[in-house]
Amino acid sequence: MEIENFIPAKYFCEVYKVDASFVDSLKEYGLITIVVYEEIEYIEKEKLNELEKMIRLHYDLNINMEGIEAVSHLLNKIDTLQQEINALKSRL
Amino acid sequence: MEFIDYYKVLELNNTATEAEIKKAYRKLARKYHPDLNPNDANAKKKFQQINEANEVLSDPEKRKKYDQYGKDWKHADEFNNYQRSQSNKQQSERSSQQWGGGDFSGEDFSDFFGSMFGGQGNGRRSQTKFRGQDFNAELQLSLSDVFTTHKQTLTVNGKSIRITIPAGVENGQVIKIAGHGGEGVNGGPNGDLYITFSIVNNTKFKREGSNLFSEVELDLYTAVLGGDITIDTFDGKVKLPVKAETQNGMKVKLKGKGFPVYKREGEFGDLYVTFKINTPINLSEKEKELFKELSKIRNNGN
């Protein structure tokens with residue numbers, strides 16, 4: 001594990017001013033992956049964008065975990081469809 | 001600059017309570033939020049309007065000013081003088097949902113808002129460190145440009161960035177250039193720059209991933225009797241032996257003569273050539289006679 005690619009989950013919560021329980025819930029719902037290294041929980045820096053999006057959905061739009069899960073699923077689906085559209089367009 | 005009816009934007013009347021404003025904002029934000037409407041410029045614009053309306057109407061001070069002077073915004077300065085005389089008045093606590101960072105900062109507010117309130121909105125998580133805004137840029141290239149890896153200098157937000165464009169990049173493909181987006185908020189890291197490639201096909205080849213497709217015209221005699229022809233590949237010409245009795249629409253695969261495979265140096269896809277057989281026209285008498293002879297040997301030419 002290359003430590004510079006991760007940030008401690010605790011530090012993430014401090015910086016973004018979110019409850020640790022928020023991160024726990026995201027983990028429970030399988031929306032983020034937490035890596036444990038020497039008994040400290042870490043979040044992948046690459047996933048920060050996604051996490052910020054989830055913070056906005058939860059804290060600003062009042063969307064609960066089930067909602068975030070459904071939204072994430074649908075956004076992934078949109079992304080896949082967009083890629084298919086691009087591939088089909090380039091074949092025309 | 002036009003007056004903006006913030007109540008209309010939030011689909012409320014001007015007697016709406018704080019709770020009604022909050023509810024209306026959240027309902028519309030859930031519909032138009034850019035996180036939920038990726039790459040939708042109309043939704044983004046609508047969201048900015050909703051956000052601006054909420055910024056004003058959810059703040060009792062701003063709402064008061066707007067209600068009093070909104071339609072006559074040019075007189076807002078008079079209101080400011082009035083405000084100064086009320087300097088002891090306690091600042092009301094904000095409950096606005098304006099972004100602390102991300103894609104929507106005060107600079108997205110309208111001129112109308114700027115005139116009345118001086119621009120920047122407040123932030124619920126205003127002291128929170130946030131990554132800077134991600135920038136999106138589109139780079140148009142021709143298909144022949146992306147046949148080879150090359151470097152290109154781009155100007156994004158006034159800064160020059162030299163990027164390497166790997167051969168074989170796809171139309172619509174997005175690459176991320178970390179740290180070249182907007183500056184972080186409150187000391188947060190910079191955002192990233194996302195470049196979407198728009199590749200225009202300026203060639204006669206069709207491309208699907210790393211495979212190329214082309215059509216080659218073949219004269220009747222070469223199709224029937226076989227022979228060698230020279231065909232165009234993407235980066236040159238090759239000699240192609242044509243089998244005798246080649247049919248119209250028949251395909252041949254030229255291995256490794258396709259497009260470079262993305263980020264796999266030295267690897268290429270295949271070129272699929274479809275033969276299109278041209279039958280002769282303007283036949284001489286002699287040719288007609290010979291074709292008649294042939295038709296007698298084989299009924300219907302099959």
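pLDDT is the predictor's confidence in each residue, on a scale from 0 to 100. It matters here since this is a predicted model.

Start with chain B as a whole. Its average pLDDT is 82. A score of at least 70 is reached by 79% of its residues. The elements of the chain span a range. Helix α5 of chain B, residues 76-85, has the lowest mean, at 54. Strand β11(B) has the highest, at 97.

Now look at residues 86-107 of chain B. There the pLDDT stays under 50. The model still gives this stretch 56 contacts beyond four places in sequence. Residues 123-127 of chain B also have a pLDDT below 50. For them the model has 18 contacts beyond near neighbours in sequence.

Turn next to the aromatic rings. Over all chains, the structure holds 11 aromatic pairs. One of them joins F147(B) and F268(B).

Where do F147(B) and F268(B) sit in the chain? F147(B) is in the loop between β1 (135-142) and β2 (150-156) of chain B. F268(B) is in the loop between β10 (251-254) and β11 (271-278) of chain B. The two residues are 121 residues apart, so the pair links distant parts of the chain.

F147(B) is buried, because its relative accessible area is 12%, under the 20% cut-off. F268(B) is partly exposed, at 37%.

Finally, widen the view. F147(B) and F268(B) belong to one aromatic cluster with F205(B), F234(B) and F259(B).

Note on methods:
Residues are numbered from 1 along each chain as its sequence is written. Chains are lettered from A and ligands numbered from 1 in the order in which they are written. This is a predicted model: local features need pLDDT of at least 70, side-chain atom pairs count only at pLDDT 80 or more; totals for chains, interfaces and linings use all residues. Side-chain values use heavy atoms; hydrogens and water are left out. Rings of Phe, Tyr and Trp (its six-membered ring) pair if their centres lie within 6.5 Å; planes under 30 degrees apart count as stacked, over 60 as edge-to-face and the rest as tilted. Helices (H or I, at least four residues) and strands (E, at least two) are DSSP runs, numbered from the N terminus. Buried means under 20% relative accessible area, exposed over 50%, partly exposed in between (1.4 Å probe, protein chains only). Contact means heavy atoms within 4.5 Å.
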